[in-house]
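Thanks for coming. I have one structure to go through today, so let me put it on the screen.

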Amino acid sequence: MLVVLLAALGFRCAGPEGDEALRIAMIPKLVGIGYFEATEQGAREAARELDVELVYDGPTDARTEDQIKMIDGWMAQGFDVIAVAPNDPEAISRTLRSAGESGALVLTWDTDANPELSRRSVFVNQAPNRAIGHTLVDIMAEGVRAQGASLPGDYLIVSGTPTASNQNTWMKYMRERIREKHPEMRLLQHLTPGEDQQKCQEQTAEALSAYPDLKGIWGITSVSFPAVAKAVRDANKIGRIEVTGLGMPEEMREYIKDGTVREFCLWDPVDLGYLTIRVAHRLKQGPLPAGRYDFGRLKGVEVRDGEVLLGPPLIFDADNIDNYNF
């Protein structure tokens with residue numbers, strides 16, 4: 001009778017797996033772009049399966065101070081879990097540590113914070129960083145050669161914000177791959193136009209004019225990549241400048257179809273959001289030792305060195321891009 005009464009009053013005693021219902025706050029770098037809309041889709045899927053309460057919200061611009069204000073509010077509201085994709089891994093770390101000391105379980109996803117300073121539980125990583133960086137360089141080298149050109153020349157990376165930990169780490173491994181395998185590639189100073197597609201396109205157009213020996217451009221965010229592709233297409237340089245990067249199939253389909261882009265890579269952002277909520281739920285039961293785990297529909301996910309790895313990057317081209325709708 002007590003259970004029936006509580007249910008009638010709107011109380012939830014436990015989820016379907018017998019755990020107390022969790023309240024999870026999940027914050028992306030910013031809202032309003034396709035990539036983070038896709039991660040929200042996956043996060044809500046997992047939240048429904050687990051019967052947890054999910055608040056998914058973020059700033060409209062990639063501003064760390066806005067993230068900090070939101071986290072402070074969530075601490076005051078007593079959320080059980082706070083999952084953050086930091087805009088600045090150092091600047092936000094003390095706030096994450098405070099959230100943990102206040103009693104919340106803190107984890108990062110998409111981009112890590114400073115692990116020691118933040119004391120976050122784990123980092124839910126989309127793919128091994130070295131694999132992403134190396135794959136980006138290999139796709140570029142193969143594409144330039146497929147055009148019948150040689151590799152020597154200038155190459156440009158268009159990133160996002162200067163403090164983005166994931167992008168800076170990918171670039172580190174891109175440089176590593178170039179040194180080891182393709183030293184004839186000359187990297188120009190990379191561009192950091194922020195999460196602003198128009199600014200990305202304008203800066204890329206300026207670079208196309210300034211560097212006549214430009215052989216290839218990477219756009220390594222879901223904002224910069226389509227902007228780079230459009231700038232190259234608008235400059236009538238399809239087939240003369242290789243373009244690749246990290247992007248969403250829905251946003252890059254037209255550039256694959258018209259030949260601006262031959263191949264690019266990413267991971268499934270829906271799965272990344274799904275995995276983040278599943279990991280948050282599992283961590284409330286205790287630590288995750290190294291090994292492989294099943295998280296709902298995602299099987300055999302690797303946990304190592306404080307990271308949960310979604311899996312290797314996916315490569316998209318004209319043969320498979322229509323198979324994906326994110």
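Between domain 1 and domain 2 there are 4 residue pairs in polar contact, counting pairs with both residues at pLDDT 80 or more. That confidence score is there because this is a predicted model. Salt bridges between domain 1 and domain 2 come to 0.

Which element gives the most to the side of domain 1 that touches domain 2? It is helix H2, residues 34-50, with 3 residues. By type, that side of domain 1 has 7 nonpolar, 5 polar and 4 charged residues.

Now the two domains themselves. The domain assignment puts residues 20-126 together with 268-310 in domain 1, and residues 129-266 in domain 2. Taken over C-alpha atoms, the domain centres are 29 Å apart. In the contact between them, domain 1 takes part with 16 residues and domain 2 with 15.

The size of an interface is often given as the accessible area lost when the parts come together. For domain 1 and domain 2, the buried area is about 1100 Å², and carbon and sulfur atoms give 58% of that.

Last, one residue. Val301 sits in strand S12, which covers residues 298-304. Is Val301 buried or exposed? Val301 is buried, because its relative accessible area is 4%, and the cut-off for buried is under 20%.

What does Val301 touch, leaving out residues up to four places away in sequence? The list is Leu275, Gly291, Arg292, Tyr293, Phe295, Val308 and Leu309. Take Gly291 from that list: Gly291 and Val301 are 10 residues apart along the chain, with 8.2 Å between their C-alpha atoms.

That is all I have.

Conventions
Residues are numbered from 1 along each chain as its sequence is written. This is a predicted model: local features need pLDDT of at least 70, side-chain atom pairs count only at pLDDT 80 or more; totals for chains, interfaces and linings use all residues. Side-chain values use heavy atoms; hydrogens and water are left out. Domain bounds come from an automatic or database domain assignment. Contact means heavy atoms within 4.5 Å. Buried area is the accessible area (1.4 Å probe) that two parts lose on being put together, summed over both. A salt bridge is a side-chain nitrogen of Lys or Arg within 4 Å of a carboxyl oxygen of Asp or Glu. A polar contact is a pair of N or O atoms within 3.5 Å; within protein, one must be able to donate a hydrogen and the other to accept it, and residues adjacent in sequence count only if both atoms are side-chain atoms. Helices (H or I, at least four residues) and strands (E, at least two) are DSSP runs, numbered from the N terminus. Ala, Val, Leu, Ile, Met, Phe, Trp, Tyr, Cys and Pro count as nonpolar, Asp, Glu, Lys and Arg as charged, and the others, Gly among them, as polar. Buried means under 20% relative accessible area, exposed over 50%, partly exposed in between (1.4 Å probe, protein chains only).
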